[in-house]
Amino acid sequence: MSAATTRSRTPDRLCAEAVGLARSAAEEAAAPGVVGEQAGLQSEGDRVVTHFFECKEFGYRGWRWAVTVARASRAKLVTLNEVVLLPGPDALLAPEWVPWSERLRPGDMGPGDLLPTDAEDLRLEPGYSGEDEPPPTSVVSAELAELAEAEDAEVTPGSPASLPAVPTRGSIAAVAEELGMRRARVLSRYGLHVAADRWEESFGAETPMAQAAPASCGSCGFLAPIGGSLGQAFGVCANEFSPADGRVVSLSYGCGGHSEAAVMPKPPVPPPPVIDETRVDPFPLRPAADAGSVSADSDEDAGELGHS
């Protein structure tokens, strides 16, 4: 280790003793009463020392006023270099800034919000082939791409579908529009896989609901099929009592609302009455004499027993 390095790590005596000069400079730069006790010093080099003072400003917990003083070689006069407010080891700092495109989460968009899509988005690919340049009102045009660089960019009012964009007659764009295929971009294979992974994670076979389901959605009558390649693995749930009602679900997903899981039995229906019209059953108008529990005796027998 050289002598110069040793001298740079050892604070200069005159600069270290200039605590009053450093405090006065900090109080002049800060608001009154926010400069606290001295929190140490640090050697910045030969005859250069930084004094630290606690900051009592609200909202700046752990921050320190750093005042750097220095003196020239062979000079006894210490001069002020700079005053700055710096965070300490345990300072309260703001979280790291994240671009808005990375902060955005599903469900954050509200009515009237506009979410610009990157022209090089890997989830999309050209909807038709050709060298036709997108119209100025397209979401991939150069003009709107420059406006979309700002988070709160204002673009032409109205959705791209409602804006006038008449393609040149005989161009590939005009033919694509006649065939119903005039979409500037469509989902790419990567975009399909990303969407499928996201839906599978939310309503797939590995969810707790599907693990406890009596059957899968592939055999449920409430499953509404969808077209395209995604229809081979997904559908839309149409059961209003299901937790996935109106959601895209995997065919391997399932819940307790399966149409065939528990079919309620029909109430029993009594058989129709049977009427036999080939025979007649007699019904006496009066009961028979021997139909009671006591035998019918004559009046003479009753008289002999002393009955009146």
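Select Glu17 and Arg13. Glu17 forms a salt bridge with Arg13, and their closest N and O atoms are 3.5 Å apart. A salt bridge here is a side-chain nitrogen of Lys or Arg within 4 Å of a carboxyl oxygen of Asp or Glu. Both Glu17 and Arg13 are exposed. Exposed means over 50% relative accessible area, buried means under 20%, and partly exposed lies in between (1.4 Å probe, protein chains only).

A note on what is on screen. This is a predicted model, in which local features need pLDDT of at least 70 and side-chain atom pairs count only at pLDDT 80 or more, while totals for chains, interfaces and linings use all residues. Residues are numbered from 1 along each chain as its sequence is written, and side-chain values use heavy atoms, with hydrogens and water left out.

Next, select Asp12 and Arg71. Their side chains meet in a salt bridge, at 2.9 Å from N to O. This pair links distant parts of the chain, 59 residues apart. Asp12 sits in the loop between α1 (3-9) and α2 (13-16), and Arg71 in the loop between β3 and β4 (79-87). Helices (H or I, at least four residues) and strands (E, at least two) are DSSP runs, numbered from the N terminus. Asp12 is buried, with a relative accessible area of 13%. Arg71 is buried too, at 18%. The count of salt bridges comes to 2.

Now go to the largest nonpolar core. Select Val35, Phe53, Trp65, Val67 and Val69: of its 17 residues, these touch the most other members. A nonpolar core is a set of buried Ala, Val, Leu, Ile, Met, Phe, Trp, Tyr and Cys residues joined through side-chain atoms within 4.5 Å. The elements giving two or more residues to this core are α3 (19-29), β2 (48-55) and β3 (63-70). The largest share, 4 residues, comes from β3.

Stay on Trp65. What is in contact with Trp65, leaving aside its neighbours within four places in sequence? The list includes Ala26, Ala30, Phe53, Cys55 and Leu85. Contact means heavy atoms within 4.5 Å.

Last stop: select Cys217, Cys220, Cys237, Ser242 and Cys255. Of the 13 residues lining the largest cavity, these lie nearest its centre. By class, the lining has 8 nonpolar, 5 polar and no charged residues. Ala, Val, Leu, Ile, Met, Phe, Trp, Tyr, Cys and Pro count as nonpolar, Asp, Glu, Lys and Arg as charged, and the others, Gly among them, as polar. On a 1 Å grid over the protein atoms alone, a cavity is a set of points where a 1.4 Å probe fits but cannot get out, and lining residues have an atom within 4 Å of a point.

Methods:
1 Å grid on protein atoms, 1.4 Å probe; cavity = no way out; pocket = protein on both sides within 12 Å on 5 of 7 lines; lining within 4 Å.
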